[in-house]
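Here is a friendly walk through some side-chain contacts that you can follow on screen. Please have the viewer open as you read.

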Amino acid sequence: MRNERLLIIVLIFCWALSMAAQQMEVHDFKHQKRYLWNRSKVAVDKQRALLDLYTTEKGFTFFANGKEAAEAEEGDGLITVKLPNKTRYVTIKHDTYGQLTWRVPKKYLKRKKHYCATLLTSDPTKKYQLKNQWVTLTISPENAVAQIDSVRQLVRDGKVALFLPVGKHRYEVQSPYYEAVCDSFVLTDTAKVELAINLQPVYAYVVVKTPWNSGKIYVDGQQIGKGQAQSGRLADGEHRLAVFLSDYCIYDKPFQIGRAEKKLIELTYQDYKFVGRRVTKALPSLSATEKGEEKQVVTQIVSSTSKQEMCAVTLVADSTNTEIWLDREHVANGRWSGQLALGYHLVSTVKDSIESKPTELWIIDTTPQELNLAVPQTSKALINIHGNVTDADIFINNVRVGRTPLVIPSLTADKQYTVSLRKNGYKDASATVVPRGNELTEVNIKMKKK
């Protein structure tokens with residue numbers, strides 16, 4: 001009788017231990033790989049393996065292979081356990097949830113590796129609550145990289161949706177040329193969490209527009225384009241802008257740009273001035289030039305302008321009542337003679353309140369020159385529309401104007417038009433044209449049979 005009672009007590013004790021062990025479970029075990037973009041975020045230990053157990057509970061003790069006590073560090077929503085190399089199973093003990101011996105799904109845990117898993121606990125005496133909750137992150141820009149609890153997550157169309165354990169979680173979002181965002185969020189069993197994360201750019205750039213397509217644009221001594229161009233990413237502070245026509249510098253000034261500023265510098269004819277000095281490359285960056293050196297550069301420009309060689313030039317207009325404008329100044333009517341410095345100048349005429357297009361005048365030596373100026377005309381253009389099909393309906397900006405072939409007069413110059421051809425049995429065809437003033441522009445459109 002005594003032996004039967006002892007056996008029953010032993011069975012009850014074993015059953016209690018089994019029930020306590022069932023109050024802890026380990027799920028979602030995986031290896032955290034160290035990619036190039038998160039190499040510094042995923043820590044490793046040269047002698048031990050690291051295991052992150054995601055849980056909001058505390059008070060656990062861990063034993064490697066059931067006998068060797070393992071060091072553990074508690075963090076935000078996780079416990080990092082440091083285990084010896086080739087650990088095959090881990091014993092987890094807790095005063096409330098009992099004991100669990102968890103066998104590693106793979107062969108064993110290796111040193112220099114970082115693993116993670118979710119540690120789930122349940123207490124029959126506690127009120128039931130959700131163990132996991134949804135969190136949604138909406139990220140801008142869409143190509144950013146998101147890490148939650150040091151695990152890189154897949155971002156699709158700028159969104160990340162995860163079903164995570166209730167508790168506190170840490171996240172980091174980063175993208176090239178944007179400020180990284182590091183913060184945390186808390187999941188509860190009452191409602192899901194939605195976060196909008198907008199990364200702020202940390203670079204600036206400048207867009208430069210000039211009146212000349214051939215004008216070479218330099219920022220800090222580096223050419224960024226011609227006519228109109230955008231610089232690369234710039235740090236905030238002072239930079240230098242220079243513009244060249246041929247090998248002549250016609251504009252050279254510093255400019256300020258703020259942090260993450262998108263600056264526009266739009267230059268006009270009045271902003272340019274021939275500095276009287278022929279150079280083969282842009283001036284050095286202002287950031288690398290001391291203030292005293294900058295004054296010396298300005299002095300050299302002024303000095304070189306005063307010593308510049310002059311050339312005898314005669315400008316002839318079509319009539320005596322036609323105004324002659326030189327470098328944006330009215331200098332004479334009908335005819336002008338005088339001395340001009342070598343380099344670049346701008347010439348135009350005005351008659352009956354109609355102004356001609358400005359003409360670029362380059363003087364490269366002291367040989368006397370005479371220039372017959374163009375007659376001022378209205379900025380109208382003509383286009384000759386034809387193709388491989390005759391009698392096709394012509395549409396300009398979706399307005400029917402006739403049939404091919406056809407010359408269209410009195411169009412506004414330097415304005416973009418869409419020319420379309422339509423005819424039964426053929427596929428619609430179109431072309432884009434920007435006619436030049438006072439000229440005939442050819443528009444040849446080929447149509448294909450259906």
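Let's begin with Lys192, which counts as partly exposed because its relative accessibility is 48%. Please keep in mind that this is a predicted model.

**Salt bridges**

- Lys192 pairs with Glu194 in a salt bridge, and their closest N and O atoms are 3.5 Å apart.
- Glu194 has a relative accessibility of 57%, so this residue counts as exposed.
- Another salt bridge joins the side chains of Arg240 and Asp252, at 2.9 Å from N to O. Arg240 belongs to strand 20 (residues 237-245) and Asp252 to strand 21 (residues 248-257), so this pair ties together parts that are twelve residues apart in sequence.
- Are Arg240 and Asp252 buried or exposed? Both are buried.
- Lys351 and Asp318 also form a salt bridge, with 3.2 Å between the closest N and O atoms. This pair links distant parts of the chain, 33 residues apart: Lys351 sits in strand 27 (residues 343-351), while Asp318 is in the loop between strand 23 (310-316) and strand 24 (323-326).
- Lys351 counts as partly exposed because its relative accessibility is 23%, and Asp318 is partly exposed too, with a relative accessible area of 34%.

**Aromatic rings**

- How many aromatic pairs does a search of the whole structure find? The search finds six.
- One of them is Trp134 with Phe163: the ring centres are 5.1 Å apart and the planes are at 40°, so the pair is tilted. The two residues link distant parts of the chain, with Trp134 in strand 9 (residues 132-140) and Phe163 in strand 12 (residues 159-165), 29 residues apart.
- Trp134, at 42% relative accessibility, counts as partly exposed, and so does Phe163, at 45%.
- Phe29, Trp102 and Tyr115 are linked into a cluster by ring pairs.

**A positive surface patch**

- Lys33, Lys86, Arg88, Arg103, Lys106, Lys107, Lys110 and Lys113 form a positive surface patch.
- Arg103, a member of this patch, is found in strand 7 (residues 98-103). Its relative accessibility is 55%, so Arg103 counts as exposed.

**A buried tyrosine**

- Tyr218 is located in strand 17 (residues 216-219) and is buried, because its relative accessible area is 12%.
- Tyr218 and Leu241 are 23 residues apart in sequence, with 5.8 Å between their C-alpha atoms.

Note on methods:
Residues numbered from 1 in each chain as written. Predicted model: local features only at pLDDT ≥ 70, side-chain atom pairs only at ≥ 80, totals over all residues. Heavy atoms only, no water. Patch = residues over 30% accessible without salt bridge, like charges linked within 9 Å, V, L, I, M, F, W, Y side chains within 5 Å. Areas by Shrake-Rupley, 256 points an atom, 1.4 Å probe, with all protein chains shown as cover. Salt bridge = Lys/Arg side-chain N within 4 Å of Asp/Glu carboxyl O. Lys, Arg positive; Asp, Glu negative; His and termini not counted. Charge placed at Lys NZ, Arg CZ, Asp CG, Glu CD. Helix = DSSP H or I, 4+ residues; strand = E, 2+ residues; numbered from the N terminus. Buried < 20%, exposed > 50% of the residue type's maximum accessible area, 1.4 Å probe, protein only. Phe/Tyr/Trp six-rings, centres within 6.5 Å; stacked < 30°, edge-to-face > 60°.
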